[in-house]
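Here are my notes on the model you asked me to look over. Have it open beside you while you read.

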Amino acid sequence: MGKVVLVSSGKGGTGKTMFSVNIGAMLSNYGFKVMLIDMDIGMRNMDLYLGMENKVVYNVMDVLSGMCRIKKAMIKVDGFDNLYFMSASPRRDDRDITALHMEVLCSKLGKYFDYIVIDAPAGIGDLFDAALAPADKAVIVTEPEMASIRDADVTERYLRDKGIKDISLIVNKVKVDLMRSGLIPSLPVMAEIFQGDIVGIIQEDDNIHISTNQGLPIICKKGTYIEENFKEILVRLFADS
Ligand SMILES: Nc1ncnc2c1ncn2[C@@H]1O[C@H](COP(=O)(O)OP(=O)(O)O)[C@@H](O)[C@H]1O
Ligand SMILES: [Mg+2]
């Protein structure tokens with residue numbers, strides 16, 4: 001049965017989708033069969049980050065409403081043997097999704113995929129409740145700034161209340177100089193706030209920004225420090241599985 005990983009944040013724009021597509025791409029490069037699900041209904045952009053925006057015909061809502069079979073909404077990502085994704089609906093009002101819907105969908109997908117990565121919407125609400133329901137583990141992506149950390153903290157407590165025990169933190173968009181000079185919260189300060197472990201730090205880097213705009217996961221560029229960093233994060237995240 002495939003493992004279901006929720007990628008969440010609290011605050012918007014912290015890098016959930018960037019992280020989801022890269023972790024998915026790396027797992028698939030290691031030979032695992034991976035399904036990415038974009039649950040940011042109404043504000044989807046996973047298709048863009050994968051360079052697959054022209055291939056989306058059916059989306060996850062079409063599956064859940066019974067409009068189409070799962071297979072029709074599964075899109076194989078160009079350039080990868082084992083990476084698939086399901087797009088969110090572009091319509092903001094298309095939110096009639098329950099926890100049960102997501103559990104049934106993931107239990108069906110789990111027969112064929114080793115990992116299912118759910119890119120959650122920002123904030124907490126009905127849609128987030130549905131997105132988190134099938135998760136075996138959660139990753140919270142935060143930025144090293146107080147508003148983002150507070151929202152990540154609220155999200156972590158919320159996920160624990162919902163019964164998710166395996167929660168890891170990623171600190172993204174880190175400006176090393178600012179952190180060294182103490183102008184933004186340091187790792188020890190953040191580690192005090194969260195119950196889960198901080199399993200990775202990703203620097204703010206224009207190359208990451210450019211890659212999301214070009215629709216090619218940054219880990220596809222071989223031999224960079226970013227690829228190495230993602231490899232290490234992957235080991236820490238999935239060491240037990
Ligand atoms: N480490 C990083 N360095 C530079 N830009 C980043 C980094 N991580 C994400 N971004 C950029 O930040 C923006 C928001 O990222 P995104 O993954 O869409 O966030 P979310 O899904 O949490 O809303 C995008 O423009 C993305 O390219
Ligand atoms: Mg997103």
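The points below go from the whole chain down to single residues.

1. First, a caution: this is a predicted model, so keep that in mind throughout. The protein chain has 11 helices and 8 strands. Its radius of gyration is 17 Å, close to the 18 Å that the globule rule gives for 241 residues, so the chain is as compact as a globular protein of that length.

2. How much of the chain is buried? Buried residues account for 44% of the 241 residues. The contacts are worth a look too: of those with a separation of 6 or more, 78% are between residues 24 or more positions apart.

3. In what order do the strands sit? The order is 3-4-2-5-1-6-7-8, in an open sheet of 8 strands with mixed pairing. At the edges you'll find strand 3 (75–76) and strand 8 (197–203), each of which pairs on one side only.

4. Strand 1 (residues 3–8) runs parallel to strand 6 (residues 137–142), with 4 bridges between them. Valine 7 has valine 139 of strand 6 as its bridge partner. Strand 2 and strand 4 are also parallel and are joined by 4 bridges; here valine 34 stands opposite leucine 83 in strand 4.

5. For the antiparallel sense, go to strand 3 and strand 4, which pair over 2 bridges. Isoleucine 75 has phenylalanine 85 as its bridge partner in strand 4. These two strands make a hairpin with 6 residues between them, and glycine 79 in the turn has a positive phi of about 90°.

6. Stay with strand 4 for a moment. In a regular strand, side chains alternate between the two faces of the sheet. Which residues cover each side here? Leu83 and Phe85 are on one side, Tyr84 and Met86 are on the other, and all of them are buried.

7. Helix 1 (residues 16–29) lies across several strands, including strand 1, strand 2 (34–38) and strand 7 (167–174), and runs at about 170° to strand 5 (115–119). Helix 11 (residues 225–238) packs on the sheet as well, where it touches strand 6, strand 7 and strand 8. Its direction makes about 165° with that of strand 8.

8. What surrounds ligand 1? There are 17 residues around it, and the closest are Gly15, Lys16, Thr17, Met18 and Thr212. Helix 1, strand 7 and helix 10 (206–214) each give two or more residues to this shell. By type, the shell residues divide into 3 nonpolar, 10 polar and 4 charged.

9. Finally, compare two arginines. Arginine 91 sits in the loop between strand 4 (83–86) and helix 5 (99–109), while arginine 180 belongs to helix 8 (residues 176–180). Are they buried or exposed? Arginine 91 counts as exposed because it has 11 C-beta neighbours inside 10 Å. Arginine 180 is exposed too, with 10 other C-beta atoms within 10 Å. The cut-off for exposed is 12 or fewer. Arginine 180 and glutamate 156 are 24 residues apart along the chain, and their C-alpha atoms are separated by 26 Å.

How values were computed
Residues numbered from 1 in each chain as written. Chains lettered and ligands numbered in written order. Predicted model: local features only at pLDDT ≥ 70, side-chain atom pairs only at ≥ 80, totals over all residues. Buried ≥ 20, exposed ≤ 12 C-beta atoms within 10 Å, placed from the backbone. Rg over C-alpha atoms; globule rule 2.2 N^0.38 Å. Contact = placed C-beta atoms within 7 Å. Pairing = 2+ DSSP bridges. Axes fitted to C-alpha atoms, helices over the stretch in contact; angles between N-to-C directions. Near = placed C-beta within 6 Å. Nonpolar A, V, L, I, M, F, W, Y, C, P; charged D, E, K, R; others polar.
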